[in-house]
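I opened my notebook to look up a few places in this structure. My notes follow in the order I made them.

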Amino acid sequence: MTSQQSETAWIAPESPDLVWFSGADTTRFLNDLISQEIGDLADGEARRSLLLAPQGKLQFILWVVRDGDRIGLVTDPGRGEELAAALSRYRIRVDVDIEVESDEVWLVMGEGDGYDVSWPAVARRLVVGDRPELPTGTDDDYEALRVSAGEPAWDVDVDEGTIPHESGLVPSSVDFTKGCFLGQELVARIDSRGGNTPRNLRLIETTDRTIAAGATLTRDGKDVGSVTSAVGGLGLAMVRREVDVGDQVLAGDVPVMVRQLPTN
């Protein structure tokens with residue numbers, strides 16, 4: 001897929017992995033496993049989703065895309081083979097082929113053609129095939145946009161021990177009106193109780209200091225969380241539920257304000 005992009009667009013320094021699913025049973029097979037409804041997914045459309053472990057914890061953060069009769073799952077860089085293997089275990093008496101994309105996959109930051117995989121207030125396009133004629137951005141540029149969008153990174157902000165509601169991804173990634181999916185019981189139970197979890201991923205910010213990743217969050221001398229990602233005066237942190245949005249805490253020795261994650 002070749003794209004025409006705006007002059008301000010650039011290519012992310014890391015590209016996600018893409019795994020394609022095809023065959024007569026593809027839609028039903030994936031709908032029984034992932035958290036998003038895809039039965040009405042249009043050609044060229046992209047939606048967020050999650051693949052959970054049977055116990056309901058996070059396993060993969062996904063985008064789902066449709067290309068004609070094929071459905072693709074977009075996952076973190078280097079995790080495509082792992083995703084394909086994880087879902088292959090459930091391929092029993094179904095007509096489904098699974099193949100990791102062999103062509104180049106490009107993540108374009110900015111407006112243009114391609115699958116729309118935008119974050120809140122951050123336009124992004126996924127392009128498969130020929131390299132768009134755009135410069136490559138830096139890791140710092142990409143990280144600044146990721147943190148400002150409140151997007152959790154795997155094995156940085158969230159991991160296999162994370163409850164989906166803690167990540168902030170449930171509103172955009174889970175369809176509670178669809179049928180059952182892998183790990184649904186935990187997600188549905190927590191949602192029925194108002195989505196309350198022991199901790200939550202939050203945006204933290206300060207106006208005149210630098211936040212350090214890994215810093216402990218404290219309030220009145222008590223540990224209330226930790227900074228998971230940080231760029232300048234902005235960061236992401238797992239914060240205990242006794243801390244409300246709008247509260248001020250210390251990240252190390254830096255006073256920071258706790259904010260809600262951005263939403264589309």
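**Strand β5 and its partners**

I began with a bridge: Asp17 has Thr75 in β5 as its bridge partner. I am working on a predicted model, where local features need pLDDT of at least 70, side-chain atom pairs count only at pLDDT 80 or more, and totals for chains, interfaces and linings use all residues. Residues are numbered from 1 along each chain as its sequence is written, and side-chain values use heavy atoms, with hydrogens and water left out.

I then looked up the strands. Strand β2 covers residues 17-22 and pairs with β5 in the antiparallel sense, over five bridges. Strand β4, residues 58-67, also pairs with β5 in the antiparallel sense over five bridges. Pairing here requires that DSSP finds at least two bridges between two strands. Strands are DSSP runs of E with at least two residues, helices are runs of H or I with at least four, and both are numbered from the N terminus. Across from Val74 in β5 I found Trp63.

How many residues lie between β4 and β5 in their hairpin? I found two, and Gly68 in the turn has a positive phi of about 65°.

Is β5 enclosed or open? Five of the six residues in 70-75 are buried, so the strand is largely enclosed by the rest of the structure. Buried means under 20% relative accessible area, exposed means over 50%, and partly exposed is in between (1.4 Å probe, protein chains only).

**Charges over rings**

I checked Arg70 next. Its charged end sits over the ring of Trp20, 3.8 Å from the centre. The charged end of Arg131 sits over the ring of Trp106, at 5.5 Å from its centre. The test asks for NZ of Lys or CZ of Arg within 6 Å of the ring centre and within 35 degrees of the ring normal.

**Two helices**

Which residues of α2 (residues 80-88) are buried? I listed Gly80, Leu83, Ala84, Ala86 and Leu87. Seen down the axis of α2, they fall within an arc of 165°, so they line one face of the helix. The arc is taken over the directions from the helix axis to the C-beta atoms. Their cover includes β2, α1, β3, β4, β5 and β6 (97-100).

In α3 (residues 139-148), I noted Tyr142, Arg146 and Val147 as the buried residues. Seen down the axis of α3, they fall within an arc of 125°, so they too line one face of their helix. Among the elements covering them are β1 (10-11), β7 (105-109) and β9 (124-128). Gly150 follows α3 and has a positive phi, near 70°.

**Two loop residues**

Where is Ser35? I found it in the loop between α1 (26-31) and β3 (46-52). Ser35 is buried, at a relative accessible area of 0%. Its side chain reaches the backbone nitrogen of Leu50 at 2.9 Å. Not counting residues up to four places away in sequence, Ser35 touches Ser49, Leu50, Ser173, Val174, Asp175, Lys178 and Phe181. Contact means heavy atoms within 4.5 Å.

Ala212 was my last stop, in the loop between β10 and β11 (216-219). Ala212 counts as partly exposed, at 43% relative accessibility. Ala212 touches Val227 and Ala230, again leaving out residues up to four places away in sequence. I also noted that the C-alpha atoms of Ala212 and Gly252 are separated by 7.8 Å, with the two residues 40 apart along the chain.

Notes
A polar contact is a pair of N or O atoms within 3.5 Å; within protein, one must be able to donate a hydrogen and the other to accept it, and residues adjacent in sequence count only if both atoms are side-chain atoms.
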